[in-house]
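Please brief me on this protein model. Keep it short and group the points by topic.

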Amino acid sequence: MGNSCSNHLGIPPAKGPNAVGCTDFMMDHTAQGSFFRLYYPCQTTEKAQRPDWVPCKEYFNGLTDFMNINRTVGEKIFNHLFGSFKIPASLDAPFKSNVKCPVVIFSHGLGAFRTLYSAICAELASQGFIVASVEHRDQSASATYYFRDKTESEKANKKNVPKTSGSAQEDNLVREWMYYRGLKHGEREFPLRNEQVKKRADECILALDRLTEINSGTPVQNVLQTQFDWTTLENSMDLCRIAVMGHSFGGATVIEALCKEVKFKCGVALDAWMNPLDDEIFPRVKQPIFFINSEKFQWAGNISRMKKLDSAVIQRKMITIRGTVHQSFPDFTFLTGNWIGKLMKLKGEIDPELAIDLCNKATLAFLQRHLGLEMNFNQWDPLIDGQDDHLIQGTNVTLLQSAI
Ligand SMILES: CCN(CC)CCN(C[C@]12C[C@](c3ccc(C(F)(F)F)cc3)(C1)C2)C(=O)Cn1c(SCc2ccc(F)cc2)nc(=O)c2c1C=CC2
């Protein structure tokens, strides 16, 4: 078994100076509301428990739909393989109140959901960021949930059932699941994905609006019953220092969100999937963008669309991490042994923790530069220009003339 049996299988703990707290937020309760997992610097509390990486089994159901595998079989495999993982953060831990934090909104990929990028989000929180990892309701997530109001009859028959726990709001609400929507037979991909990327950008902007309300001390009605005290986040966010970040479909969402909302001062796109975007938005994006690509996912047509964003006046950077695959960015890359991981294309040739460390450090350096932070992240500036044995500046994809 070599070293795979000795290395600890689990999501690597964050490296920054702050302990990391984590909680969930939904407001309002409908599918049009904002739903995100919040990662933040917290006070060190040994008693806090770790949140579940996959909070409900319905997410595994959704994953089997997304992967076109049989639900009963798939759910058992996923539960067995991944059901017990916790994330490297303290659930509902008290916010560390003596800092004003820059903010990152994170957008997940096709078939993913809000909890699957915790190695990236927790690392940013440990370095002093408040990170909202959005769960999209555009039917691109494997699964997501929202609530609807109980009907009179549902309320009526509730009368003879003892009152269960849960916040007042939830008692009048019924949870509804929304699952991944695949392309219908013969359906063209672009119209669906273009409509979805616009909704995704709106959901990133809505999450920012909710954080702005929370920062101003407006009393918020979090539909989910958590033990987190949202009033501790009053005046905690530096709303001049906001970035948007995402993986794959979430990378396209970064471009769309930058175009729609100038409060996003810069964007970091991890293995962006450029297909869903209209060509006409490219000249309208005015903020710096950092493309961090895997070696295996990119192709000429995708890279040539990123190149359309090249600018002499606005900083646009691209690096490729050697030995990585598309799944080197989500948390799955840490959660299987080497040979299963390589077989399922969840791991590349590079050690997954080294890959995500390079990605996180390059991201921090880029965020310091374009959010005007006064931290020491500029020590990693060389990574932004691919100056490392494991990095390539730009891309390894040969751009055929026709694709440009
Ligand atoms: C076969 C079905 N077919 C559906 C359209 C495509 C499948 N596919 C490749 C996959 C995702 C894969 C995956 C996941 C998870 C396990 C597990 F076993 F670890 F759970 C295994 C194997 C299956 C690798 C992708 O879609 C790649 N991809 C992704 S993957 C984002 C993701 C999804 C689920 C996760 F749990 C973690 C991460 N996000 C995008 O935005 C885009 C693309 C492609 C273009 C745009």
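This is a predicted model: local features need pLDDT of at least 70, side-chain atom pairs count only at pLDDT 80 or more; totals for chains, interfaces and linings use all residues.

Residues are numbered from 1 along each chain as its sequence is written, and side-chain values use heavy atoms, with hydrogens and water left out.

**Confidence**
- The protein averages a pLDDT (the predictor's confidence in each residue, from 0 to 100) of 93, and 93% of the residues score at least 70.
- Residues 1-7 have a pLDDT below 50, and this stretch has two contacts (heavy atoms within 4.5 Å) beyond near neighbours in sequence.
- The predictor gives the complex an ipTM of 0.97 and a pTM of 0.95.

**Fold**
- The protein has 11 helices and 12 strands. These are DSSP runs: H or I of at least four residues for helices, E of at least two for strands, numbered from the N terminus.
- The radius of gyration (over C-alpha atoms) is 21 Å, close to the 22 Å from the globule rule for 404 residues, so the protein is as compact as a globular protein of that length. That rule is 2.2 Å times the number of residues to the power 0.38.
- The C-alpha trace spans about 70 × 50 × 50 Å along its principal axes.
- Among contacts with a separation of 6 or more, 75% join residues 24 or more positions apart.

- Of the 404 residues, 58% count as buried, meaning under 20% relative accessible area (1.4 Å probe, protein chains only).
- The protein exposes about 17,200 Å², with carbon and sulfur atoms supplying 53% of it.

Note on methods: Buried means under 20% relative accessible area, exposed over 50%, partly exposed in between (1.4 Å probe, protein chains only). Accessible areas come from the Shrake-Rupley method with a 1.4 Å probe; for residues, only the protein chains shown count as cover.
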